[in-house]
Amino acid sequence: KLLSTQSIPTPTNPHVMKTPNLPDSKRKKILITGGAGFVGSHLTDKLMMEGHEVIVLDNFFTGQRKNVEHWMHHPRFQLVVHDVTEPIMLEVDEIYHLACPASPPHYQYNPVKTIKTSTMGTINMLGLAYRIKAKILLTSTSEIYGDPQVHPQPETYWGNVNTIGPRACYDEGKRVAETMMYAYKNNNGVDVRVARIFNTFGPRMHPNDGRVVSNFVIQSLQDKPLTIYGDGSQTRSFQYISDLVDGLHALMNGRYDLPVNLGNPDEYTVKDFAQYIKDITGSASEITFLPATKDDPTQRKPNITTAKRELGWEPKVTVKEGLQKTIAYFARVLEEAGEIIPT
Ligand code: NAD
Ligand code: UDP
């Protein structure tokens with residue numbers, strides 16, 4: 001059965017929902033590449049609700065039309081179906097450049113395409129930003145730190161990535177994307193922002209996204225075995241989506257132009273996290289151990305001193321509150337879909 005989350009639009013129908021009428025001098029035209037994905041659609045909501053004009057550009061590889069469908073007939077919203085590996089000409093004030101698959105099964109599905117998306121896609125967006133004098137923000141990742149030997153990770157850590165491993169298409173793609181951002185800044189004067197995002201979760205994650213939060217929640221809600229890859233001793237730190245969106249917004253609108261970690265330092269072993277989700281959902285699921293995936297980072301936790309100091313930002317939503325909202329969301333998705341077998 002086809003999954004539909006159409007009955008859960010947040011915010012509600014724009015014909016009912018009023019967005020502020022900003023004066024022309026305050027209203028910005030903003031491009032969000034990857035805007036139909038998990039993070040991009042929440043960012044779209046925030047910027048639309050502020051009264052800006054938003055263009056979402058997406059090729060729907062992992063994004064879903066229904067994530068932005070509630071804006072489709074709004075006069076200040078546009079959806080452009082386009083692949084960032086191809087050049088495009090648009091007139092905007094700001095570019096949030098998110099386009100790139102983010103979950104390991106999706107970015108490993110076609111590694112060459114993932115590399116092209118991060119490299120050619122970022123070159124195309126930087127070329128556009130340069131031509132039209134737009135500010136551009138790249139959503140980089142904690143994956144650029146690889147399997148970190150420094151813990152927690154500050155922005156000054158250079159990372160430990162296996163250049164030929166299965167995660168390299170994503171990690172190295174983002175590393176070179178960061179390099180290109182600063183080459184364009186230093187050589188061409190482009191106004192850049194770089195967010196290094198740590199594991200983020202919330203409503204609108206694709207049910208088959210394959211990431212740990214959606215997998216464990218969907219498995220728990222169906223009393224199916226929770227699948228731990230490896231022995232579960234690896235750690236991750238989890239941030240709720242609204243905190244990330246606030247952080248991206250603060251970064252774009254602030255003056256600080258070096259890379260900034262955005263994440264919640266609340267760290268769990270994957271094994272404890274499985275038990276935690278099982279407890280919150282009251283699930284009867286068993287916990288099973290599957291073979292570890294190659295090059296899976298053993299530990300990850302952000303040092304967010306820079307974000308606190310430079311942006312006055314820190315996470316506000318606890319992992320527990322975030323999980324409760326996410327569980328409620330997936331419970332509704334499941335109600336509509338019947339059964340879901342996560343990737
Ligand atoms: P997502 O897969 O839900 O969204 C990615 C979006 O980009 C999708 O809508 C997809 O269709 C689109 N896209 C992919 N390739 C494209 C292409 N070639 N041309 C046009 N559109 C394309 O993932 P997400 O979690 O929303 O991640 C968004 C961004 O944040 C990504 O850049 C990702 O690397 C970064 N990030 C996310 C997390 C996280 O935990 N969610 C962590 C670190 C970094
Ligand atoms: N993981 C797991 N079971 C799953 C999905 C993920 O044990 O069903 C583990 C994965 O091996 C990793 C952690 O959970 O150690 C986070 O994985 P995710 O794919 O969410 O994000 P990553 O941080 O690896 O990009």
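Colleague: What makes α1 the element with the largest share of the shell around ligand 1?

Modeller: In this predicted model, α1 gives three residues to that shell, which is the largest share. The shell has 28 residues, and Gly-34, Gly-37, Val-39, Thr-62 and Gly-63 come nearest to ligand 1. The elements that give two or more residues are α1 (38-49), α3 (111-132) and β5 (135-141).

Colleague: How do you know that a residue such as Thr-62 belongs to the residues around ligand 1?

Modeller: A residue is counted if its C-beta atom, placed from the backbone, lies within 6 Å of the molecule, and Thr-62 is among the residues that come nearest.

Colleague: How many residues of each class does the shell around ligand 1 have, and where is Gly placed?

Modeller: There are 12 nonpolar, 14 polar and two charged residues, and Gly counts as polar.

Colleague: Which element gives the largest share of the shell around ligand 2?

Modeller: That is β8, with three residues. Of the 14 residues around ligand 2, Arg-211, Val-212, Asn-215, Tyr-229 and Gln-234 come nearest, and the elements giving two or more residues are α5 (212-221) and β8 (226-229). By class, this shell has five nonpolar, six polar and three charged residues.

Colleague: Where does pLDDT stay under 50?

Modeller: It stays under 50 over residues 1-9, for which the model has 14 contacts beyond four places in sequence. Where pLDDT is low, the predicted coordinates should not be read in detail. For the protein, the average pLDDT is 94, on a scale from 0 to 100, and 95% of the residues score at least 70. The model scores ipTM 0.99 and pTM 0.95.

Notes:
Residues numbered from 1 in each chain as written. Chains lettered and ligands numbered in written order. Predicted model: local features only at pLDDT ≥ 70, side-chain atom pairs only at ≥ 80, totals over all residues. Helix = DSSP H or I, 4+ residues; strand = E, 2+ residues; numbered from the N terminus. pLDDT = per-residue confidence, 0-100. Contact = placed C-beta atoms within 7 Å.
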